[in-house]
Amino acid sequence: MNVRAAAARVLFQVVDKGQSLSSALPAAQQTIKPRDHALLQEICYGALRFLPRLESVAGQLMDKPLTGKQRVFHHLILVGIYQLAFMRIPAHAAVGETVEGTKALKGPRLRGLINAVLRNYQRNQEELDALSVSHDAGKYGHPGWLLKTLQSAYPEQWESIVEANNSKAPMWLRVNHQHHNRDDYRTLLEQEGIEATTHAQATDALKLTAACDVSKLPGFEKGWVSVQDAAAQLSVDYLQPEDGELILDCCAAPGGKTAHILERTQNCRVVAIDSDESRLKRVHENLKRLNITAQVICGDARKPEQWWEGEQFDRILLDAPCSATGVIRRHPDIKWLRRAEDIAALASLQSEIIDAMWQQLKPGGTMVYATCSIMPQENREQVSAFLNRTPDARLMLSEMDNPGRQILPGEDDMDGFYYAVLHKTSDSVQE
């Protein structure tokens with residue numbers, strides 16, 4: 001299929017149909033040549049980052065929007081505008097290939113319209129671009145509700161958060177301690193001409209100067225290294241697993257944190273649960289590549305009695321379902337798929353899960369509550385409420401007036417993440 005047509009279909013499925021980019025994009029890549037996969041990804045990610053700008057330009061150039069069965073061609077126009085505005089593709093190629101996309105989308109009669117719109121944009125680009133950033137949505141590339149929430153929660157940092165969200169994320173690696181330490185693996189990368197830098201806190205993390213295909217990473221197929229953001233890697237540093245313990249990774253898919261626990265310890269029994277059977281396939285795939293073993297269970301974290309009859313856990317990593325507002329730079333579709341009302345619903349779900357999981361933790365045990373969100377309602381407010389209703393819970397490594405650690409997008413070039421370390425007091429010292 002024509003790459004621009006494939007991109008238009010992906011945008012249509014995400015923006016109009018509410019499908020996630022992580023499912024729509026791989027399906028579309030199956031319809032095009034492998035050499036075009038990177039181009040398709042660049043167009044889709046970029047168009048979703050700057051969607052309001054593109055919509056603004058399209059609105060100025062068209063008398064009325066395309067609707068119904070013609071709606072996918074509206075997204076084809078956005079694909080064309082994105083290429084002309086943000087990519088280095090020669091203008092004649094961007095326009096020509098986008099217009100050719102009408103054939104693959106079975107709308108050749110719209111060929112003239114799309115060509116005219118894109119040519120008109122070329123002629124008036126400076127004026128149209130100025131108009132596209134004259135309003136907050138276009139200027140900042142975020143929906144109004146999210147922008148207002150960020151401004152309220154982070155009055156001094158919201159602009160840097162927005163900037164990070166609209167940037168490309170770097171490629172972080174997690175070095176498997178069972179094979180190499182970080183410095184030794186960095187040397188292996190250098191021998192292959194791959195430059196990388198270390199992280200001050202995530203002791204297994206390396207950031208590539210330029211992203212590359214995993215097939216070029218030394219020993220990737222042997223499990224020497226995995227791709228994982230440095231912020232996510234910090235989960236194991238907060239959990240502090242010890243050899244021989246029984247550990248639960250709750251809401252574990254796709255399994256990166258499960259694997260990291262096992263890479264850091266010896267003779268640990270790790271149980272990984274998730275409610276999504278399809279996402280658990282990724283857990284099994286990751287464990288197989290790394291040649292490590294965990295007990296993988298499909299189950300509802302709110303109802304552990306349905307899937308666990310064993311002893312209580314020494315440690316629990318609860319990577320709770322969340323708004324994922326900390327990883328927008330990796331998943332720009334989140335900006336357009338999330339709604340303001342989702343936050344309260346997610347906070348309610350998190351509350352149920354943390355209460356249920358606390359009952360599965362041994363006295364004297366440690367729970368790490370984590371999200372890839374930057375919403376206070378899901379993070380510090382959630383933990384504060386839990387501590388207020390849970391007499392045997394003690395907050396570690398932070399103060400009650402600002403519980404946990406909130407990592408903001410772009411901080412040390414990491415994704416946005418939240419961590420709170422909770423200790424369960426033994427019966428003998430409960431108040």
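Biologist: In this predicted model, which residue with a positive phi follows helix 6?

Modeller: Helix 6 covers residues 91–104. The residue named after this helix has a positive phi, near 60°, and is Lys 106.

Biologist: What distance does helix 6 reach from its first C-alpha to its last?

Modeller: Helix 6 has 14 residues, and at 1.5 Å a residue a reach of 20 Å is expected.

Biologist: Why can the buried residues of helix 6 be said to line one face?

Modeller: The buried residues of helix 6 are Ala 94, Val 95, Thr 98, Val 99, Gly 101 and Thr 102. Seen down the helix axis, they line one face because they fall within an arc of 135°.

Biologist: Which exposed residues does helix 6 carry on the face turned away from its buried side?

Modeller: The buried residues of helix 6 are covered by elements including helix 1 (3–16), helix 5 (71–86) and helix 7 (111–123). The face turned away from that buried side carries the exposed residues His 92 and Lys 103.

Biologist: Is Ala 253 buried or exposed?

Modeller: An unreviewed UniProt entry places the feature "binding site" at several residues, among them Ala 253. Ala 253 lies in the loop between strand 5 (246–250) and helix 14 (256–264). Leaving aside residues up to four places away in sequence, Ala 253 touches Asp 274, Arg 279, Leu 280 and Val 283. Its relative accessible area is 9%, and the cut-off is under 20%, so Ala 253 is buried.

Biologist: What is the relative accessibility of Lys 257?

Modeller: Lys 257 is also one of the positions in the "binding site" feature of the unreviewed UniProt entry, and its place is in helix 14. Beyond residues up to four places away in sequence, Lys 257 touches Gln 228, Ala 232, Ser 235, Val 236, Asp 249, Leu 317, Asp 319 and Phe 417. Lys 257 counts as buried, with a relative accessibility of 11%.

Biologist: Which residue has its backbone nitrogen 2.9 Å from a polar atom of the side chain of Asn 176?

Modeller: Asn 176 is found in the loop between strand 1 (172–175) and helix 12 (182–191), and it counts as buried at 1% relative accessibility. Not counting residues up to four places away in sequence, Asn 176 touches Gly 223, Trp 224, Val 225, Glu 263 and Leu 290. The backbone nitrogen that lies 2.9 Å from a polar atom of its side chain belongs to Gln 178.

Definitions and conventions:
Residues are numbered from 1 along each chain as its sequence is written. This is a predicted model: local features need pLDDT of at least 70, side-chain atom pairs count only at pLDDT 80 or more; totals for chains, interfaces and linings use all residues. Side-chain values use heavy atoms; hydrogens and water are left out. Helices (H or I, at least four residues) and strands (E, at least two) are DSSP runs, numbered from the N terminus. The expected span of a helix is 1.5 Å times one less than its number of residues. Buried means under 20% relative accessible area, exposed over 50%, partly exposed in between (1.4 Å probe, protein chains only). The arc is that of the directions from the helix axis to the C-beta atoms. Contact means heavy atoms within 4.5 Å. UniProt positions are given in the numbering used here, feature names are shortened, and annotations may be inferred rather than shown by experiment. A polar contact is a pair of N or O atoms within 3.5 Å; within protein, one must be able to donate a hydrogen and the other to accept it, and residues adjacent in sequence count only if both atoms are side-chain atoms.
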